[in-house]
Amino acid sequence: MGIYTRTGDDGGTGLFGGARVSKSNPRVEAYGTVDELNSVIGVGITHLEAADLRAHLEAIQHDLFAIGAVLSLAPPSADRPAPKTPALPMERIPEMETWIDEATSEAGELRAFVLPGGSAGGAALHHARTVCRRAERRVVSLGEAEAVDEGVVRYLNRLSDLLFAFARVENHRTGDGDVMWDK
């Protein structure tokens, strides 16, 4: 199979299951932003000194592929059965909560607002957090127009918290510390 198909040259794209929609469709926006999030996390991983954080985030990247597959499904119709997709990784949510608690315990309680920055890894994870919030907004917007599994929003909401906690612990471990907002 070639890299290019020319089928998107008219501004359209195919959803998983065969339907064609505009590349500006809210569904494409949602799964495209999840894909962007996955890429930004990949960049962040390359900047992290902490092997445990890298391993956790690599697992998250696989989850995001599954979430993207679910989001890229064409709405079911009578003439088109829904293809099989990977299960949503809902078991990861309590695991992420444990990781958040551990990172918060290590980095310390917050007493002020934190600005994005610190070490290269910490700053990259703050960037990933903001992309994650945008992905969450895109999925919520899609859910206002079409059915979306509510687990996707829960997963992304928890992931943005995790990225914040991991940015703080990476900054703590590198000795850079949080960049506090000077109000």
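This is a predicted model: local features need pLDDT of at least 70, side-chain atom pairs count only at pLDDT 80 or more; totals for chains, interfaces and linings use all residues.

Biologist: What makes up the secondary structure of the protein?

Modeller: There are five helices and four strands. In sequence order they give the pattern β-β-α-α-α-β-α-α-β.

Biologist: What share of the residues of the protein counts as buried?

Modeller: Of the 183 residues, 42% are counted as buried.

Biologist: How do you know that the span of helix H3 agrees with its number of residues?

Modeller: Helix H3 comprises the 16 residues 92–107, and at 1.5 Å a residue these should span 22 Å. The C-alpha atoms at its ends lie 22 Å apart, and therefore the two values agree.

Biologist: Which residues of H3 are buried, and why are they said to line one face of the helix?

Modeller: The buried residues are Arg-92, Ile-93, Met-96, Trp-99, Ile-100, Ala-103 and Ala-107. Viewed down the axis of H3, they fall within an arc of 115°, so they line one face.

Biologist: Which residues are exposed on the other side of H3?

Modeller: Asp-101 and Ser-105 are exposed there; the word requires a relative accessible area over 50%.

Biologist: What do the buried residues of H3 pack against?

Modeller: They pack against helix H2 (51–71) and helix H5 (150–174). Contact here requires heavy atoms within 4.5 Å.

Biologist: Which residue follows H3?

Modeller: Gly-108 follows H3, and its phi is positive, near 100°.

Technical notes: Residues are numbered from 1 along each chain as its sequence is written. Side-chain values use heavy atoms; hydrogens and water are left out. Helices (H or I, at least four residues) and strands (E, at least two) are DSSP runs, numbered from the N terminus. Buried means under 20% relative accessible area, exposed over 50%, partly exposed in between (1.4 Å probe, protein chains only). The expected span of a helix is 1.5 Å times one less than its number of residues. The arc is that of the directions from the helix axis to the C-beta atoms.
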